Amino acid sequence: MPGAASIIDNERAAKKISRAKLTRGLCSQQLLSKSASAGYNMELYLFIILLERLNYNTDNLEFILTKSDHIKINTRDKIQSLILSQSFNEALTLLESSYNELTKPSPIDTMFYYRTLSEISYYSNPTSEGYTIAKERILAAIHTTLPDITLDNYKDYLLSSYEWENILMYVRCICSLGDIDNASALLKTLHQHCIDTIKDDSLLAKILPKCVYLLSTYCQDIICPEDLISYTEYAVSILRNKGILYLLLPLLNNLVLLYTKTDNHDKAAYWEPFCKLLKELYDQYQPGIIMDSLFSQCHSSANHLDSEVIRGERAFNNLSQLDLASDVYQSSVSISRLETMKTSPRKTQYEALVNSLNLNKARFGSFVLTDSLQRLNELNLVRSTISHLRYEDLLNLINTLTPESDEESELFNTYKAIAKWGQQRDFYSPPIKQLKSYIDNTYPIDAPEYLRKPFQKEFDILNPYITFIFEDTPQAAFDILSKLRTAYETSECNLKYDNKAYITFLICYIKYYGQTLSNSELSKILDDAIAYCVICGKGHSLIGLYWAKIIRDMYLDKSPSLTAAYNSYMLAELYMNSSAEKKKQYYIEVLNSRTSTNSSEK
């Protein structure tokens, strides 16, 4: 990722953290220094862990992956999926073979190896022997990236989410081996340390609920129930605020149990319908899955492959492989090997390809044009606002920011055009023309096919554009949606690393293009999308998926689905969505309508 090392080094210096402390157990100080000064690329997991050690959440960033990073990520995802589905022998075989293929494993490679071995041992052999082996292996993972750490000095270390998970897994093994007294004391200390040191809300949502889950599961006979209720209520509120599904059901089950033990039956009764709904979702879409793994995370970053980006851009620019190769390589064979993922370009070659394609880097989230994490946060806030189509908030936010380049100025003007259209609702107004003009420069809307999935910034503009034109020319919207679906589904990237844009696309697709599909076709797409959200832990996205089906049925004057109305309403209530009251009223109307119909039939 160009610019990554300089961002890390600048943030490190601003927080007065030494390179030695930041890089301890991960890489040499010289690697960070040299990478920052020369603008070298960094291995993806190294970049993520270093930034997380600086208390920065990378989930809102977007990466262009090399072939080696892509293979590592896919392999780790496959192994984790096998573990969660309890296919332990297959997971172990793949883990051993992939690790042995590495010519020179990095400390991060070794850490992931041992922590995965620990998880396999823990779940495949739930006995004292299995827990003991799991404990030994997780200690090896901990000491790989946190050398010499102890129960007395751990507060001196910077911790990423992965390293927090390793420590919590160690405590879980202690709990499972029956040493609850020591585990309880350590968990309470870790719980407070987590609150004191993790300042990013998204990072806190990854770790604190896992710590609280261990407390509320293993320590009910040691810790005061009222304290456990307080811990658990706060952890649940964090997951609700962030729209996270993962670990929410186990925590709610514990919370209901604690309320019942303390005779607070009203609160227990309030949560029981939500527990029932979430259990039904898992039973239907992910049956038999391990729901309390400490190593699962809800990802929001976006990944793109360098081969797909170059191939797509070459097609958008109507260049042959020979045309593109002439400025960078000696022959078109090198471009062919790149586009078929047989190789990845070096940094200088990649920059030369970008220049040859005349890409505007400000439009691609994978290029970092600032050394300021604060600026990245500001731009991410703009993205979040536009993705929710909050037009007035978007205008107000843009007006508080000063563009730092001509490219940013152009981007901000386009965002303003979206906000103005949303207020005027006039298809033929200048804003809609400006929108198409802007997006056509990097993602030509009228191209016969889309050979790469859009970057998040591009989809931020494509999504409202589709909404805009659907009101005037539905067929044009259908054409774009069809090509986008092909682009997403043919990508080699795991779409869970682009789930913000992908789920928003699916909601848009079901809402509009779903009108052209049969009930069976729509049901399959909806079921696949819901299953995708469940396995990715994205509960908030489920609200929109169920509501998209309702809107689709409205367009077709079909009888409304009571199940979709109920699920959308309950999930909106669960995740404190602003539309909860509206969805509740709609559900009541559908329910009353069904009740009246059934009564008249009788």
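1. Let's start with Arg314, which sits in helix 15 (residues 306-316) of this predicted model. Is Arg314 buried or exposed? With a relative accessibility of 16%, Arg314 counts as buried, because the cut-off for that label is under 20%. Leaving aside residues up to four places away in sequence, Arg314 touches Leu319, Ser320, Gln321, Leu324, Ile335, Glu339 and Leu357.

2. You will find Lys342 in the loop between helix 17 (332-339) and helix 18 (347-356). Its relative accessible area is 48%, so Lys342 is partly exposed. Which residues does Lys342 touch, not counting residues up to four places away in sequence? They are Lys67 and Arg337.

3. If you work with the cysteines, here is what the model shows. The count of disulfides is zero. Cys275 is in no disulfide, and the nearest cysteine sulfur, in Cys298, is 17 Å away. For Cys298, the closest cysteine sulfur is that of Cys536, at 8.2 Å.

4. Helix 9 (residues 161-176) is worth a look for its length and its surroundings. This helix has 16 residues and spans 22 Å from its first C-alpha to its last, close to the 22 Å expected at 1.5 Å a residue. How many residues of helix 9 are buried? The number is 15 of the 16, so helix 9 is largely enclosed by the rest of the structure. After helix 9 comes Gly178, which has a positive phi, near 100°.

5. Helix 10 (residues 180-197) and helix 11 (residues 201-218) have axes that come within 10 Å and cross at roughly 155°, so the two helices are roughly antiparallel. Helix 10 passes helix 11 in a left-handed crossing. Residues in contact include Leu187, His191 and Cys194 of helix 10, along with Leu208, Cys211 and Leu215 of helix 11.

6. Now compare the pair formed by helix 14 (residues 265-285) and helix 28 (residues 562-574). Their axes come within 11 Å and cross at roughly 120°, so helix 14 and helix 28 are oblique to each other. The crossing of helix 14 past helix 28 is left-handed. On the helix 14 side, the contact is made by Tyr270, Trp271, Pro273, Phe274, Leu277 and Leu278. Their partners in helix 28 are Tyr566, Asn567, Met570, Leu571, Glu573 and Leu574.

7. Finally, helix 23 (residues 456-470) and helix 25 (residues 499-512) pack at an angle of about 10°, and their axes are 10 Å apart. Helix 23 is therefore roughly parallel to helix 25. Phe459, Asn463, Ile466, Thr467 and Phe470 of helix 23 meet Ala501, Thr504, Phe505, Cys508 and Tyr512 of helix 25.

Notes: Residues numbered from 1 in each chain as written. Predicted model: local features only at pLDDT ≥ 70, side-chain atom pairs only at ≥ 80, totals over all residues. Heavy atoms only, no water. Disulfide = S-S within 2.5 Å. Helix = DSSP H or I, 4+ residues; strand = E, 2+ residues; numbered from the N terminus. Expected span 1.5 Å × (residues − 1). Buried < 20%, exposed > 50% of the residue type's maximum accessible area, 1.4 Å probe, protein only. Axes fitted to C-alpha atoms, helices over the stretch in contact; angles between N-to-C directions. Parallel < 35°, antiparallel > 145°, perpendicular 65-115°, else oblique. Left-handed = near helix turned anticlockwise from the far one by under 90°. Contact = heavy atoms within 4.5 Å.
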